Amino acid sequence: MLLLESAPHVPTIAEGILWAILASPIVAWALIVLYVRKLPKIAGWLTVAGVGTACALSFVTLFNVIDASGGIAIHTHEWFTAGNLTVHFGVRVDGLTAVMLVVVTSVSLLVQVYSHGYMAGDPGYGRYFAHMCLFTTSMLGLVLADNLFMMFMFWELVGLSSYLLIGFWFHKPSAAAAAKKAFIVTRVGDLGLLAGMLLIWSKTGTFQVDEIQKIASEGLVAHWVVTWFALGIFAGAAGKSAQFPLHVWLPDAMEGPTPVSALIHAATMVAAGVYLVARFFPVFEASGDARLVVAWIGGITALIAATIALVQTDFKRVLAYSTISQLGYMMLALGAFGYVAAIFHLFTHAFFKALLFLGSGSVNHATNTFDMRKMGGLRKQMPVTYWTFVIGSLSLAGIFPLAGFWSKDEILLAAWRESRGLWIIGFSVAFMTAAYMFRAIFLTFHGTYKGGEPVDHHDPDNHFHGDPAHPHESPWVMAGPLAVLAVPAIAAGWFNINGAFGDFILHALPETTEKGSEFAWGIAISSTLVALAGIFVAYAVYIREWVTSKTIREGFAPLAMVFERKYFLDNLYEDFFVRTVLQRGWNRLLELNDKYVVDGIVNGSASLAGSVSRRAGVVQNGQFQTYGLGFAAGVIVVVVAVFAAHPL
Amino acid sequence: MNGIDVAGPQIAVLGAAGVILLVDALVPQQRRLLPFIALIGLAVSALWTISWVARDDYQTAFGGTLSLDHFSVFFYFLFAGITAMVVLASIDWVNREGRGQGEYYALVLTACSGLMFLSAGRDLITIFIALELSSIPQYVLAGWGKDVRSSEAGLKYLLLGAIASSLLLYGMALLYGVTGTTMLAEIGETIAWSGDANRSVLVVAMTLLIAGFGFKMAVVPFQMWVPDVYQGAPTPVAAYLSVGSKAAAFAVVTRIFFEALGARFLSDDWSNVFAVLAAVTMTVGNVMAIVQTDIKRMLGYSSIAQAGNFLVGLAAISVAGGEFTLGASGVLFFLAAYAFTNLGVFVAVIAISQKIGSDQIRDYAGMWKRSPFLSLGLAFCLVSLTGIPPTAGFWAKLYIFNAGIRADLTWLVVVGVLNSLVSAYYYWGVIRQLFTGASEDSTAIRTSPSIGLSLGVAAAGVFVFGILPMPLISAARDAAAIFAQH
């Protein structure tokens, strides 16, 4: 157990170790890219070795920072200077970084091991691991960076690798479309981040995180700058962490391979937005307004996503909406001064949500489908998957004494202190979370098996092994990581029982208004009861069938329709913005460009595409003179313009 | 002897050209040695330049018309490197073409010496002669191919080049008429001394110089030859034009405008002209590039758009704090970064087009499976052209846009950033074809050692300067600093 004995001091960890953490997955990436065509089989092992090294070094870093009681070490170097623009290249390590490093590398390591089994036989096996290495490196770079500029670079690299992995099966139109959607929607948020970055640089002249934190919290720059900068950061974070109204890409991102969903779209990348807001927490504190925006957007996201999760029939999409909902929880916490609560929940959520996703992949491996209507009764054939999945779900639902209980409790406490409205949202989300998770469990693992999806042997892309009619437990490379992840899903919450985790990561901030965490019996008991109620409702509907789900659906028909249609946001974006405004506008623009600009300027030069005779005769037939005329006209226009702008 | 020493780097290159012609004529069975002689000549030239850097005793020669300084040294290295890459990239093509191998390499080297003289000239007449020395071999090279397209390209380039030269000469004559001298430094002093009494003539002269060099720089509206010639000329020659003669034109414009036309009342005018031309040039280049289906034509428009980016650096002279060479150093840095990048793109295009027999972008589909090396190299260089890290092109854009902001040209930087977004569209289109397109033919494409080496060097340069840009930036800053005293 963590216990910080002394005042924080600078960690002694060698700078080289920090760079080695960043380098080891990228070395694996380079080796795969260079040699994979000859030895595709080694790609998986190279990845495990690279990520494993990073993981071991991350633990070394964590223990070193614990020794230093959560102090901060910054190693920075001048990278580029031009005039007054200086960009640094450096690493920063503190409690927050160390926790993130351990979360990213350990989940990544387990997911890579699991992928050996899950991706076996896929023709893109080598490419898959190359992308995974690239992703892990970018994520580590984002976490280690000591300045906003580097953060932004790695942020974009994370986005790129996510794009590549969502569209991993790019010959499937749905996967290609999902990748494009994710890329574009997150770019919208990143535009805000970029604007915020430029704003803070133009006003303060620095990209360094510690300097920006200091400037913002000491009020050395105008309040509106702080607020708009914070909102820019949050725009980027909302894109990546799938916050309303930019959350629409995450459910579609489930088109990627399931281990990708577990690592990127559940445990790490989507948490990057939460990390970014936490990193600049003093800025949000200083702004006030921006902090409230974060809290309420987080709350709205948590609520919307939880309601949609209630009506999904796709196993993975339930988990996707659950992830969005939990990310909303974290944002809500950050906005309610719950810095520790948010990071703590990020920490525990990474483990149990990765576990749940890998569990869904295991089910898919047996049944060849994610459609829960074609499953049922799997608990007998797949005991490891079933029990680990139940542990993950109980943890997510927040049942004592599993990991999720402790972190969710702190979030609800923060919400309670900030505003009753936020607490009510959080409280009802806790109910829905328990209900939709156990609905999924009952549909998948209980009742009778409905046969899965028959294998289509004519589909050249289908590499399914085994027989969906007779599901079986997954091989040890897949079941092993499930069992391993079940341990932190149970125990990760115990780190903060005495507030040690909180103290540890609090020292990453220059100063703080947050009091250490405490335990509030009222919050804890009420949230546990409401979660149990959620489980009971699912039990009543799907096991006992006292009320059938059909009756409920009919009773709340309009509401259910809104949930099923995902609040019509996809229709708004895709049908209106994309199809109507953008596509038509863009086509029209291209048409105009073709018609007026291209035809107008280069009419003559079409000669090269024309007939030989025209080509040969081109010098005589006008176009050369056109070019000469352009010259003369250019000279005259410039001279006239100069004299017009600046007369004699 | 001093003069020969100062002009040593050029003389080495010209000497190699002579040796090549002799070897070609006397021992024709040893033709495959020709490119190596060219490379040796370039290496000697670079060594000679290094010896000057080591001596650290820069001087002028031939009555001050030729200046060896940080600025010309920067470009000597750049041109030797560019020409070496072009020679490497030409070997396959020249071997296949068969005829006139000696002449081809000799012309490439002669043009190189002309480019070097251009960057070192401090006298209008020297500059003009150097310009012709570099241009005439390029006219011939552009028409080197056997097909009618290449002949058309050569002829078009020659005729329009003649117009450009005549405008340039007219501008130089006006400058001489006003100041009574052809030496750049003296012109600058005379103008500073006489004030804006002759402003009207000077503005006309300045505009004619912009037009004359704008032709080589590919600046709108003097750019119209570019797509036709790039498409028609042999691809290695197009590569040479796109980086070599463009860089030389920017070098000489920088020197003339800072040294001779640096007087405040003129520099305000030309920096405004460059700012507007920059915006127009990048926009026209990018908008036209979007609709191209032929990769060489697209690269032609892309090179126009990039010229617009360079002009931002020339426009950015009113930087606060007396750092008015910040923009100029940005131009030099950008030119070097662009040389690696664009050569890399062209080398990959040479290799791919030769094998698939097409320049159509859609025929590049699925190239990733046929040649991962060429596809990765091409994609990486296109990423650099777009200006995305970790590439040299990213820092170049950042540097030059920062100079623009510091010189209160925020509107121009906004135009530049929007243009970068547009350019991402068509560069990305090629990358997408490479990696996701499906190709009917899936035979592997083997790259020859010379192509492999040149693409490897180019991509490595883009990457290394993308990770560690400071050495190149310091060199560019030192080179531009010679104008700081004016």
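Residues are numbered from 1 along each chain as its sequence is written, and chains are lettered from A in the order in which they are written. In this predicted model local features need pLDDT of at least 70 and side-chain atom pairs count only at pLDDT 80 or more, whereas totals for chains, interfaces and linings use all residues.

**Exercise 1.** Describe the secondary structure and overall dimensions of chain B.

Solution. Begin with the elements, which are DSSP runs numbered from the N terminus (helices H or I, at least four residues; strands E, at least two): chain B has 20 helices and two strands. Next, take the radius of gyration over C-alpha atoms and compare it with the globule rule, 2.2 Å times the number of residues to the power 0.38. The value for chain B is 21 Å, close to the 23 Å that the rule gives for 486 residues, so chain B is as compact as a globular protein of that length. Along the principal axes, its C-alpha atoms fill a box of roughly 70 × 55 × 40 Å. Finally, 63% of the 486 residues are buried, a residue being buried if 20 or more other C-beta atoms, placed from the backbone, lie within 10 Å of its own.

**Exercise 2.** Characterise the side of chain B that touches chain A.

Solution. Two residues are in contact if their C-beta atoms, placed from the backbone, lie within 7 Å, and on this basis 44 residues of chain B are in contact with 32 residues of chain A. Several helices of chain B each supply at least two residues to this side, among them H7 (148-179) and H12 (264-290), and H7(B) gives the most, with nine residues. By class, this side of chain B has 29 nonpolar, seven polar and eight charged residues, where Ala, Val, Leu, Ile, Met, Phe, Trp, Tyr, Cys and Pro count as nonpolar, Asp, Glu, Lys and Arg as charged, and the others, Gly among them, as polar.

**Exercise 3.** Identify residues through which H15(A) meets H17(A).

Solution. Including A:Phe352 and A:Gly359, residues of H15(A) meet residues of H17(A) such as A:Phe389 and A:Gly392.

Note on methods: Buried ≥ 20, exposed ≤ 12 C-beta atoms within 10 Å, placed from the backbone.
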